[in-house]
Amino acid sequence: MRRQRAEGARVVNQAMTEREIEAVVREVTDEEVAFYQEYGWVMMKQLVDPDFASELLRVGQAWRETKSDDSPAAGLAKQEDTEPYRSFMFSKRMAANATRLVNRKRLKGVDVPLRYRVDILVLKPPGAAGSTYHQDSAEHGSDRVGELQFWLALAEVSAEMGAMRFVSRSHREGPLGSVFNDDQGNLLEQFPNLTSVLELSPPFHYQPGDCTVHHGYTVHGGPPNSTDKPRWSYLFSYAPSDTRYWNGNAGNWGSERKRLGDADNPLVPAE
């Protein structure tokens with residue numbers, strides 16, 4: 001039974017203990033870690049207990065209703081009145097899961113702590129457009145690999161509802177360029193051979209509590225929501241604590257990029 005407290009007319013969930021988190025969030029497996037490192041993404045079935053995913057949805061929807069504008073429902077994990085988001089994202093269990101996937105120990109000899117980067121409750125209503133294919137780290141301007149994004153289904157999500165797809169092994173190609181706040185379209189248009197040289201992941205069907213995670217340089221996007229049902233998901237992200245960003249801002253909406261100009265950096269003549 002979740003602990004709650006009364007706050008005016010509302011009932012607010014109390015922070016969860018680590019033992020309570022461990023009862024509803026499992027550890028990633030060796031097989032999942034190996035798959036992630038090979039392909040740049042992995043589907044983790046029932047990473048979170050379905051009932052706990054439903055509770056996250058209930059709390060998130062209630063919090064969203066208190067907002068007076070249409071701004072993204074971001075930063076729930078940094079607020080005390082949106083538990084259990086904070087307990088979940090800042091738990092030792094999730095930190096350990098993310099640390100294993102980042103695997104900084106492989107090159108450094110020791111792991112490094114992780115920082116919260118962003119968390120967003122995402123609603124994709126019926127008929128909503130698809131997601132532009134892009135690389136997160138190329139948009140954010142981070143100076144090293146390690147950033148990773150979790151995408152947790154809070155309710156059933158079919159492929160037709162706009163579930164994300166990934167270009168397998170694209171994290172090994174390095175930064176392919178920023179496409180947000182630019183005129184370049186998406187990465188599948190810029191690199192038309194990408195999904196023939198590499199491979200697009202299969203369409204996914206998520207149940208509540210299923211979660212995918214992808215590398216910061218894994219190309220990903222998704223189709224429109226062609227159903228008559230809303231798609232609810234929770235996106236949350238960590239980055240190694242030693243990561244530097246071009247402006248100290250790790251936003252998820254496209255960093256400003258400017259091309260070199262002809263006056264100071266003229267083109268080199270082609271043959």
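Let's start with strand S8, residues 165–168, which is joined to S9 by two bridges, the two running antiparallel. In that pairing, serine 168 sits opposite glutamate 199 of S9. When I say strand or helix, I mean DSSP runs numbered from the N terminus: E of at least two residues for strands, H or I of at least four for helices. Two strands count as paired if DSSP finds at least two bridges between them.

A word on where this comes from: it is a predicted model, where local features need pLDDT of at least 70 and side-chain atom pairs count only at pLDDT 80 or more, while totals for chains, interfaces and linings use all residues. Residues are numbered from 1 along each chain as its sequence is written, and side-chain values use heavy atoms, with hydrogens and water left out.

Back to S8 and S9. They belong to an open sheet of four strands, ordered S6-S11-S8-S9, with antiparallel pairing. Its edge strands are S6 (131–134) and S9 (199–200), each of which pairs on one side only.

Now for the other sheet I'd like to show you. Here six strands make an open sheet in the order S3-S10-S7-S12-S5-S4, again with antiparallel pairing. S3 and S4 (73–74) are at the edges with a single partner strand each, so one side of each has no neighbour in the sheet. Helix H2, residues 30–39, packs on this sheet and touches S3, S7 and S10 (contact means heavy atoms within 4.5 Å). The direction of H2 makes about 150 degrees with that of S3; axes are lines fitted to C-alpha atoms, for helices over the stretch in contact, and angles run from 0 to 180 degrees between N-to-C directions.

Please look at S10, residues 211–215. How many of its five residues are buried? Five of the five, with buried meaning under 20% relative accessible area, using a 1.4 Å probe and protein chains only. Cys211, Val213 and His215 are on one side, Thr212 and His214 on the other, and both faces are covered.

S10 has these partners. With S3 (residues 41–44) it pairs antiparallel over four bridges, and methionine 43 stands opposite threonine 212. With S7 (residues 148–153) there are five bridges, also antiparallel; phenylalanine 150 faces valine 213, and leucine 152 faces cysteine 211.

Finally, helix H5. H5 lies across S5 (114–124), S7, S10 and S12 (231–240), at about 130 degrees to S7. Within H5 (residues 92–102), the buried residues include Met94, Ala98 and Leu101. Just after H5, asparagine 103 takes a positive phi of about 55 degrees.

Definitions and conventions: Buried < 20%, exposed > 50% of the residue type's maximum accessible area, 1.4 Å probe, protein only.
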